[in-house]
Amino acid sequence: MGLSNRKEEQLKKMPIIQSRIKVSRNGRYIIQQTVITNIKPIEYYQAILANNVKVSEEPLGEDEWMLEEGADIAKSMA
């Protein structure tokens, strides 16, 4: 049973996701690497670069900073 033309087109537009798992040279660590490949036509990027939108960065106020330590966040989630 084959895929419909519509489904094939949807699959072609999706990014290619590759996952690699290997052991470090000294054997102490597992290295998991994920590569996401997204293919778009040149015209897509030319249109993005041609659209010069000015973005202004505003500094964060003191009430917007996240000042909680990672260990404290983990304890509150447990």
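**The aromatic pair in its setting**

Reply: Read along the sequence, the protein chain runs α-β-β-α-α. That makes three helices and two strands. The model is predicted. The radius of gyration is 22 Å, well over the 12 Å that the globule rule gives for 78 residues, so the protein chain is more spread out than a compact globule. Its C-alpha trace spans about 50 × 50 × 30 Å along the principal axes.

Contacts and burial come next. Take the contacts between residues at least 6 apart in sequence: 0% of them join residues at least 24 apart. Of the 78 residues, 1% count as buried. The protein chain exposes about 8,300 Å², and carbon and sulfur atoms supply 55% of that area.

Now the part you asked about. The structure holds one aromatic pair. Its members are Y44 and Y45, and their geometry is edge-to-face. The ring centres lie 5.1 Å apart, with 90 degrees between the planes. Planes over 60 degrees apart count as edge-to-face, so the angle of 90 degrees puts Y44 and Y45 in that class.

Last, the charges. The protein chain carries 11 positive and 11 negative side chains. The centres of these two sets lie 18 Å apart.

Notes: Residues are numbered from 1 along each chain as its sequence is written. This is a predicted model: local features need pLDDT of at least 70, side-chain atom pairs count only at pLDDT 80 or more; totals for chains, interfaces and linings use all residues. Side-chain values use heavy atoms; hydrogens and water are left out. Helices (H or I, at least four residues) and strands (E, at least two) are DSSP runs, numbered from the N terminus. The radius of gyration is taken over C-alpha atoms; the globule rule is 2.2 Å times the number of residues to the power 0.38. Buried means under 20% relative accessible area, exposed over 50%, partly exposed in between (1.4 Å probe, protein chains only). Contact means heavy atoms within 4.5 Å. Accessible areas come from the Shrake-Rupley method with a 1.4 Å probe; for residues, only the protein chains shown count as cover. Lys and Arg count as positive and Asp and Glu as negative; His and the chain ends are not counted. The place of a charge is taken as NZ of Lys, CZ of Arg, CG of Asp or CD of Glu. Rings of Phe, Tyr and Trp (its six-membered ring) pair if their centres lie within 6.5 Å; planes under 30 degrees apart count as stacked, over 60 as edge-to-face and the rest as tilted.
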